[in-house]
Amino acid sequence: MIKSLSNQLATSSVKPVQKTGTPRSAAKSIASSFEKMIDAANKDQIKAESMVNDMVAGKNKDIPATMIAMEKADVSLRLLMSVRNKVVAAYEEMMRMQI
């Protein structure tokens, strides 16, 4: 499972933030990365919901694939929330710093 997660992260469209010249361009780059992460998590959630709805309606008989899609959506949402919590914690730490 860990290998599949690391492969998913390696092949995802989210790329590490590159060094930029100005803080404003760095902020845009970080915002762009977060936007991509949110979009990917949203797509996973929509796909899982669609598969569940198809299963309930009798159109989809593939229970394992539906469960995998649900777990993938859950893991991507947890990862997104973990990153958000780390960013908020870093921001709060910076706000506590004295100049």
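Tutor: Helix 2 (residues 23–57) and helix 3 (residues 63–96) have axes that come within 9 Å of each other and cross at roughly 155°. Helix 2 is therefore roughly antiparallel to helix 3; angles over 145 degrees count as roughly antiparallel, those under 35 as roughly parallel, 65 to 115 as roughly perpendicular, and the rest as oblique. The axes are lines fitted to C-alpha atoms over the stretch in contact, and the angles run from 0 to 180 degrees between N-to-C directions. Helices here are DSSP runs of H or I with at least four residues, strands are runs of E with at least two, and both are numbered from the N terminus. The model is a predicted one, in which local features need pLDDT of at least 70 and side-chain atom pairs count only at pLDDT 80 or more, whereas totals for chains, interfaces and linings use all residues. Residues are numbered from 1 along each chain as its sequence is written, and side-chain values use heavy atoms, with hydrogens and water left out.

The crossing of helix 2 and helix 3 is left-handed, a term for the near helix being turned anticlockwise from the far one by less than a right angle, clockwise being right-handed. By class, the contact of helix 2 with helix 3 has 17 nonpolar, three polar and three charged residues. In this scheme Ala, Val, Leu, Ile, Met, Phe, Trp, Tyr, Cys and Pro are nonpolar, Asp, Glu, Lys and Arg are charged, and the others, Gly among them, are polar.

S76 is found in helix 3 and counts as buried because its relative accessibility is 11%; buried means under 20% relative accessible area, exposed over 50%, and partly exposed in between, with a 1.4 Å probe and protein chains only. Leaving aside neighbours within four places in sequence, S76 is in contact with A41 and D44, where contact means heavy atoms within 4.5 Å. E49, by comparison, is found in helix 2 and is exposed, with a relative accessible area of 52%. E49 and A73 are 24 residues apart in sequence, and their C-alpha atoms are 9.3 Å apart in space.

The structure also holds two salt bridges, each defined as a side-chain nitrogen of Lys or Arg within 4 Å of a carboxyl oxygen of Asp or Glu. One joins the side chains of R78 and D74, at 2.9 Å from N to O. Both R78 and D74 lie in helix 3, four residues apart, or about one turn of the helix. R78 counts as exposed at 57% relative accessibility, while D74 is partly exposed at 28%. The other salt bridge links R96 with E93, whose closest N and O atoms are 2.8 Å apart. R96 and E93 also lie in helix 3, three residues apart, again about one turn. R96 is exposed at 56% relative accessible area, and E93 is partly exposed at 42%.

Of its 99 residues, 12% count as buried. Among contacts between residues at least 6 apart in sequence, 46% join residues at least 24 apart.
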